[in-house]
Amino acid sequence: MNTADQYLKAIYLVQRMEDGPAATGALADMLDVSPASVNEMVGKLQERGLVDHEKYKGATLTDDGIVRAEDALQTYCIIERFLANVLEVEDYRGEAGALEAVIDDTVAERLDTIIDRRDECPDCFDAEADQCCYLEAPAGESAD
């Protein structure tokens with residue numbers, strides 16, 4: 001997953017949480033980047049036809065953007081569930097965030113065969129909790 005996909009995933013999640021366009025500030029907070037970085041990437045995504053952006057209102061994914069965002073979120077869910085449920089990594093969220101940028105589709109597909117992903121993925125992802133609602137948190141880590 002590349003940086004553009006991480007932004008698409010973030011826009012998708014913020015849109016779900018706020019039931020509307022994703023504001024620059026909310027995206028900057030979620031991605032831990034500056035608002036200027038968000039504006040730059042949103043402009044690039046808009047040029048590619050993946051995002052519609054209206055100044056002072058926020059970013060909204062196009063149909064193609066939604067497809068890419070759902071794919072990116074699904075890959076993140078696969079990584080997160082593999083780390084938590086199979087490897088029992090305590091900081092599975094941090095590790096999943098670090099790995100999502102470097103895991104390619106082939107590796108994600110192979111991990112997917114191990115985690116027994118549900119058909120409703122990525123709709124099972126709880127944006128507020130920042131995790132799959134079917135995640136089994138490792139011992140010592142709360143799943144809330």
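This note covers a nonpolar core, a pair of helices and one proline.

1. The model is predicted, so local features need pLDDT of at least 70, side-chain atom pairs count only at pLDDT 80 or more, and totals for chains, interfaces and linings use all residues. Residues are numbered from 1 along each chain as its sequence is written, and side-chain values use heavy atoms, without hydrogens and water.

2. The largest nonpolar core has 36 residues. Such a core is a set of buried (under 20% relative accessible area, 1.4 Å probe, protein chains only) Ala, Val, Leu, Ile, Met, Phe, Trp, Tyr and Cys residues joined through side-chain atoms within 4.5 Å. Helix H1 (3-18) is among the elements that supply at least two residues each; helices are DSSP runs of H or I with at least four residues, strands runs of E with at least two, numbered from the N terminus. The largest share, eight residues, comes from H1.

3. Leu-8 is among the residues with the most contacts inside the core. Leaving aside neighbours within four places in sequence, Leu-8 is in contact (heavy atoms within 4.5 Å) with Leu-45, Leu-50, Val-51, Leu-61, Arg-68 and Ala-69.

4. Where does Pro-122 lie? Pro-122 is in the loop between helix H6 (105-115) and strand S3 (125-126). Pro-122 is buried, with a relative accessible area of 7%. Not counting residues up to four places away in sequence, Pro-122 touches Arg-16, Glu-70, Leu-73 and Gln-74. The C-alpha atoms of Pro-122 and Ala-72 are separated by 9.1 Å, although these residues are 50 residues apart along the chain.

Definitions and conventions. Buried < 20%, exposed > 50% of the residue type's maximum accessible area, 1.4 Å probe, protein only.
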